[in-house]
Amino acid sequence: MNFYIKSILSAVCIVTSSVVLAQIPDTQYSQGISYISGGVGEEESQSILAEAKQWPLLLELSQLENGRGVWIFGAKIKIVNSQNQVIFDAQADGPYILINLNAGQYQIEASYQGVIQKRSVSIQASAPQKLAIFWK
């Protein structure tokens with residue numbers, strides 16, 4: 001019976017460690033602003049979404065394809081501050097991008113396959129924002 005208990009405990013440890021080891025993509029920087037981009041695959045997506053609670057802004061990127069919404073990667077993201085200065089300029093490596101912005105008002109410009117979309121966002125300290133950008 002001890003053998004069965006040890007086997008079950010070992011299986012639980014292996015499953016638990018695989019969840020803990022799910023890798024979040026490396027932190028990158030654009031003009032001094034840290035960001036994480038990715039979400040390709042279920043484990044990476046879950047890791048980024050769990051991490052999003054610690055970041056001021058989560059962008060979620062998708063498009064309509066054959067009548068249904070699909071995740072995209074390769075969108076170009078620019079952020080302009082209230083002084084009309086571009087403070088962030090990067091390409092998304094997956095459907096999610098976490099961006100570490102200070103509190104303030106920003107204009108997001110997202111470009112994908114030649115189509116540009118603009119959104120305004122207000123970042124507040126300790127209130128993470130999620131912004132879904134969808135291309136038709």
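A: Let's start with Ser 111, which touches Ala 75, Lys 76, Ile 116 and Trp 135, leaving out residues up to four places away in sequence; contact here means heavy atoms within 4.5 Å. Before going on, please note that this is a predicted model, in which local features need pLDDT of at least 70 and side-chain atom pairs count only at pLDDT 80 or more, while totals for chains, interfaces and linings use all residues. Residues are numbered from 1 along each chain as its sequence is written, and side-chain values use heavy atoms, with hydrogens and water left out.

Ser 111 sits in strand β8; strands are DSSP runs of E with at least two residues, numbered from the N terminus. With 23% relative accessibility, Ser 111 counts as partly exposed (buried is under 20% relative accessible area, exposed over 50%, partly exposed in between, with a 1.4 Å probe and protein chains only).

Now step back to the strand itself. β8 covers residues 104–112 and pairs with β9 in the antiparallel sense over 9 bridges; two strands pair if DSSP finds at least two bridges between them. Within this arrangement, Ala 110 stands opposite Gln 117 of β9. Both strands belong to an open, antiparallel sheet of 4 strands in the order β6-β5-β8-β9. β6 (86–91) and β9 (115–123) are the edge strands, each with a single partner, so one side of each has no neighbour in the sheet. On average, neighbouring strands here are turned by 15 degrees against each other, direction ignored (axes are lines fitted to C-alpha atoms, and angles run from 0 to 180 degrees between N-to-C directions).

What about the packing? The largest nonpolar core has 25 residues, and Leu 59, Ile 77, Phe 88 and Ile 99 have the most contacts inside it. Such a core is a set of buried Ala, Val, Leu, Ile, Met, Phe, Trp, Tyr and Cys residues joined through side-chain atoms within 4.5 Å. Our strand matters to this count: β8 gives the most to this core, with 4 residues. Apart from it lies another core, of 7 residues, among them Ile 36, Ile 48, Trp 55 and Tyr 96.
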